[in-house]
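Have a look at the model below, with the ligand in view.

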Amino acid sequence: MSRARPFPLHAGVAEVTAVVDLTPAMRRFTLAAEAFSGPGIEQPGEIITLGWPLNGEALVLPELGWRFPEGTPAAHWRNYTVRSFAPERATLDVDFFLHGPLGHASAWAETARPGATVGFAGPRVHWEPDPEAGWTLLAADETGLPALLAIAEALPAGHRTVALAEVAGEQERQPLVSPADLELHWVSREGRAPGSTGVLLERLRALELPDGRGQAWGGGEALAMRDLRRHLQASRPGLDGSLRLLGYWKHDRTPADVY
Ligand SMILES: Cc1cc2nc3c(=O)[nH]c(=O)nc-3n(C[C@H](O)[C@H](O)[C@H](O)COP(=O)(O)OP(=O)(O)OC[C@H]3O[C@@H](n4cnc5c(N)ncnc54)[C@H](O)[C@@H]3O)c2cc1C
């Protein structure tokens, strides 16, 4: 039913019930709402769109088809990943990369505590893996890391997988247990700012990918993802139909037409 699922499947206001720091820059929020006991997620790493009111006005929730009544006050909506889902407790976990107080979402994550509220719409399917693919490439910076980890945990046993996870440094690594035959590369920016390096592309260029039919998923800074896509299109033309390398955020220097 994935593709036919309406968007938003649910819209409402969730309450933060727990906050845990996974690493210095990655903070997990457990969000509770009655709707999360309903139909569950279908794929690992589905998208949940979170919303915050602006200018002290009440948050107006989207109607079916992401429509808002006329005159709806401005709000700040951003996409996040369902890291894990517990319908029996009507909760889901979302991991926020704390990129600084410049962004409304990130600033909220720096101070929100249990009892805080956030609007939500979703979840919705993010990526449908190809059951025929003989191997999988995953690539992400911190924003795509929750999805990368969720996907890797759900891959079939023994499935050949190469994963590239860009983080600021060793302190940002997270444990990963996957049934797949996984080669996980933590790619360090050595403290440099997100979106300011080409470390994912450098590491990808140095890799030998498996032969045969594969698939690739990635989530991270838009220009970095475009570079990975271009490299794979040129070096592995057979992968073209199975490439899903998505811009999850945009560095201020990244041109507007790059996704
Ligand atoms: C499908 C999808 C799933 C996502 N899942 C997650 C997730 O699980 N966890 C998560 O943390 N993010 C996730 N993101 C990324 C997140 O939506 C963006 O980082 C978003 O821009 C954050 O909003 P904001 O209000 O903090 O900043 P914005 O208002 O969007 O931007 C403000 C400023 O912050 C900068 N900025 C935005 N994001 C970053 C960043 N990551 N690093 C450095 N500077 C940044 C912008 O360039 C801008 O200058 C996801 C995005 C998509 C599309």
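In this predicted model, an oxygen atom of the ligand sits 2.8 Å from a polar backbone atom of Phe 97. Asn 79 also uses its backbone here, with an N or O atom 2.7 Å from a ligand oxygen. Thr 81 brings in its side chain instead: a polar atom there lies 2.8 Å from a nitrogen atom of the ligand. Here are those contacts side by side.

| Residue | Protein atom | Ligand atom | Distance |
|---|---|---|---|
| Asn 79 | backbone N or O | oxygen | 2.7 Å |
| Thr 81 | polar side-chain atom | nitrogen | 2.8 Å |
| Phe 97 | polar backbone atom | oxygen | 2.8 Å |

How much of the ligand does the protein cover? On its own the ligand has 920 Å² of accessible area, and the protein covers 86% of that. The space the ligand takes up is the largest pocket.

Now for the neighbours. In total, 22 residues surround the ligand, and the closest are His 76, Asn 79, Phe 97, His 99 and Lys 250. Sorted by class, the shell comes out at 9 nonpolar, 9 polar and 4 charged residues.

Which element gives the most to this shell? That's β4, with 5 residues. At least two residues each come from β4 (75-81), β6 (91-97), α1 (104-111) and β12 (243-249). Step back to the domain level, and domain 1 (2-124) and domain 2 (135-249) each put at least three residues into the shell.

A few backbone details are worth a click while you have the model open. Where are the cis peptide bonds listed here? One runs from Phe 7 to Pro 8, with omega near -5°, and Pro 8 falls in the segment before β1 (10-23). Another runs from Gly 122 to Pro 123, again with omega near -5°. Pro 123 is placed in strand β7, which spans residues 117-124.

Finally, take a look at Ala 90. Its phi is positive, at about 55°, even though Ala 90 isn't a glycine. You'll find Ala 90 in the loop between β5 (84-86) and β6. Strand β6 (91-97) is also one of the elements that supply at least two residues to the ligand shell.

Notes: Residues are numbered from 1 along each chain as its sequence is written. This is a predicted model: local features need pLDDT of at least 70, side-chain atom pairs count only at pLDDT 80 or more; totals for chains, interfaces and linings use all residues. Side-chain values use heavy atoms; hydrogens and water are left out. A residue is near a molecule or strand if one of its heavy atoms lies within 4 Å of it. A polar contact is a pair of N or O atoms within 3.5 Å; within protein, one must be able to donate a hydrogen and the other to accept it, and residues adjacent in sequence count only if both atoms are side-chain atoms. Accessible areas come from the Shrake-Rupley method with a 1.4 Å probe; for residues, only the protein chains shown count as cover. On a 1 Å grid over the protein atoms alone, a cavity is a set of points where a 1.4 Å probe fits but cannot get out, and a pocket is an open set with protein on both sides within 12 Å along at least five of seven lines; lining residues have an atom within 4 Å of a point. A molecule sits in a cavity or pocket if more than half of its atoms lie within 2 Å of its grid points. Helices (H or I, at least four residues) and strands (E, at least two) are DSSP runs, numbered from the N terminus. Ala, Val, Leu, Ile, Met, Phe, Trp, Tyr, Cys and Pro count as nonpolar, Asp, Glu, Lys and Arg as charged, and the others, Gly among them, as polar. Domain bounds come from an automatic or database domain assignment.
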